[in-house]
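This report describes selected local features of one protein chain. Please look at the sequence and the model before reading on.

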Amino acid sequence: MKHVILFFSSNAGLGYAPVASGTFGTLMGIPLYWLLARLEQQEFVLVWVFILLLSFWSAHRAGEIYGVVDDGRIVIDELIGYLTAIAFVPFSWPSAIVAFLLFRLFDIVKLWPASWFDNNVKNGVGVVLDDVVAGIYAWLSLYALMSFFPDFF
């Protein structure tokens, strides 16, 4: 079971990148975005909720295994954060890349309440929810950019 937990929590090993593991972990979201963009909204929500619950569980259990709540190898939180950033956005390469950059920015900056989850909830839920909040900020920003620059997207 330990190997299954570490496989999921590291996004199939991307969390083991020697530098910028969060950025590498987020990369898993782009091909998944391409696949999920084909789903109906209700189907997307079901998949998103499944990945959210998998994220809570695997991030928490991996933190126990590593002995560090938010170990750098745990990057499934970046995946669910990125999937939040692209929710209900039709796939295009510009939207995929801009969402990636926006999510990474908000994940690093950790605007409130992401900072609150990061600082105060020391378990898998806290590890994941700060990224979900960053994803919400990225989603709002992406939609704003799409409305101002529709020809780009």
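Helices are DSSP runs (H or I, at least four residues), numbered from the N terminus. The model is predicted: local features need pLDDT of at least 70, side-chain atom pairs count only at pLDDT 80 or more, and totals for chains, interfaces and linings use all residues. Residues are numbered from 1 along each chain as its sequence is written, and side-chain values use heavy atoms, with hydrogens and water left out.

In helix H3 (residues 29-36), Gly29, Ile30, Tyr33 and Leu36 are buried (under 20% relative accessible area, 1.4 Å probe, protein chains only). Seen down the axis of H3, these residues fall within an arc of 130 degrees, so they line one face of the helix. The arc is that of the directions from the helix axis to the C-beta atoms.

Aspartate 131 belongs to helix H8 (residues 124-148). Aspartate 131 is buried but has no salt bridge, and lysine 110, the nearest side chain of opposite charge, is 5.1 Å away. A salt bridge needs a side-chain nitrogen of Lys or Arg within 4 Å of a carboxyl oxygen of Asp or Glu.

Two residues other than glycine have a positive phi:

| Residue | Phi | Loop |
|---|---|---|
| Asparagine 11 | about 50 degrees | between H1 and H2 |

Asparagine 11 counts as buried because its relative accessibility is 4%.

Definitions and conventions
Helix = DSSP H or I, 4+ residues; strand = E, 2+ residues; numbered from the N terminus. Buried < 20%, exposed > 50% of the residue type's maximum accessible area, 1.4 Å probe, protein only. Lys, Arg positive; Asp, Glu negative; His and termini not counted.
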